[in-house]
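The following questions and answers concern one protein model. Please consult the sequence and the structure while reading.

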Amino acid sequence: MNHLAHAYLSFHDPELITGNLIADFIKGKKQLELQTPEIQKGIRLHRAIDTYTDQHPMTAAAKQFFRPAVGLYAGVFTDLAFDHFLATDPLYFSDESLYTFTRFVYAQIIERKAQLPATFLEMFKYMYDFDWLYNYRTTDGIGRAIKGVTRRAQYLETSPDIVFATFIEHYEGLKKCYQSFFPELVTYVKEIYPLEHP
């Protein structure tokens with residue numbers, strides 16, 4: 001899953017949010033142990049979410065929409081698509097509650113930035129300045145996110161226009177995959193972290 005989903009699945013716990021968002025930038029046991037026990041819990045939660053997501057048949061189905069255009073990067077663009085559908089899903093967010101939630105997430109990171117990896121903070125600057133989490137709700141926002149990923153993807157030769165066109169062409173199919181998958185992911189996270197949410 002991508003940034004918004006990881007933040008949402010931390011259930012408003014500040015240190016779980018922090019750990020969930022920085023997890024990809026924590027390499028090895030030594031870096032892990034520099035974080036507080038609660039942030040470490042968020043890092044482990046992030047990894048459990050990713051493992052569950054990667055093994056889910058609806059994720060595999062969604063990747064097939066992207067695979068002809070982007071090959072092995074299909075999972076990255078599926079994650080982006082799922083964040084868009086989460087941001088627009090009335091079961092989880094209204095436009096107002098999404099805005100409020102994303103301000104809360106950014107504030108947690110800023111409050112703890114002194115202890116966070118420099119590589120994460122470089123990425124977070126763009127996330128904050130361009131308001132990635134809130135702007136995932138629009139197709140324009142996803143289009144900008146796709147451009148950013150394709151620019152950073154070292155071995156991806158497909159143009160962002162082709163990837164975005166793929167997203168639009170298969171919008172309804174991707175949405176159905178998300179709708180089948182995400183409630184099951186929420187249930188899974190609540191089962192493995194039963195005390196971290198209302």
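Q: Is F130 buried or exposed?
A: This is a predicted model, in which local features need pLDDT of at least 70, side-chain atom pairs count only at pLDDT 80 or more, and totals for chains, interfaces and linings use all residues. Residues are numbered from 1 along each chain as its sequence is written, and side-chain values use heavy atoms, with hydrogens and water left out. Buried means under 20% relative accessible area, exposed over 50% and partly exposed in between, for a 1.4 Å probe and protein chains only. F130 has a relative accessible area of 53%, so the residue is exposed.

Q: Where is D131 placed, and is D131 buried or exposed?
A: The place of D131 is in the loop between helix 8 and helix 9, helices (H or I, at least four residues) and strands (E, at least two) being DSSP runs numbered from the N terminus. D131 has a positive phi of about 50 degrees although it is not a glycine. Its relative accessible area is 14%, so D131 is buried.

Q: Is H12 buried, partly exposed or exposed?
A: H12 lies in the loop between helix 1 and helix 2. The phi of H12 is near 65 degrees, a positive value in a residue other than glycine. With a relative accessible area of 48%, H12 is partly exposed.

Q: How many helices does the secondary structure of the protein have?
A: Read along the sequence, the pattern is α-α-α-α-α-α-α-α-α-α-α-α. The secondary structure includes 0 strands, and its helices come to 12.

Q: What is the radius of gyration of the protein?
A: The radius of gyration is taken over C-alpha atoms, and the globule rule is 2.2 Å times the number of residues to the power 0.38. For 198 residues that rule gives 16 Å, and the protein comes close to this, so it is as compact as a globular protein of that length. The radius of gyration of the protein is 16 Å.

Q: How far apart are the end C-alpha atoms of helix 4?
A: The expected span of a helix is 1.5 Å times one less than its number of residues. Helix 4 has 19 residues and should therefore span 27 Å, which agrees with the model. The end C-alpha atoms of helix 4 are apart by 27 Å.

Q: Which elements do the buried residues of helix 4 pack against?
A: The buried residues of helix 4 include I39, L45, H46 and Y52. The buried residues of this helix pack against helix 1, helix 2, helix 3 (28-33), helix 5 (57-70) and helix 12 (171-192).

Q: Which element gives the most to the lining of the largest pocket?
A: On a 1 Å grid over the protein atoms alone, a pocket is an open set of points where a 1.4 Å probe fits, with protein on both sides within 12 Å along at least five of seven lines; lining residues have an atom within 4 Å of a point. About 840 Å³ of space lies in the largest pocket. Of the 29 residues that line this pocket, the closest to its centre are N2, H3, W132, V149 and R152. With 8 residues, the element that gives the most to the lining is helix 10.

Q: Which residues is N2 in contact with, leaving aside its neighbours within four places in sequence?
A: N2 is found in the segment before helix 1 and is buried, with a relative accessible area of 13%. Contact means heavy atoms within 4.5 Å. Apart from those neighbours, N2 is in contact with D79, L80, D83 and Y136.

Technical notes
Grid points are joined across faces, edges and corners, and a volume is the space filled by probe spheres set on the points.
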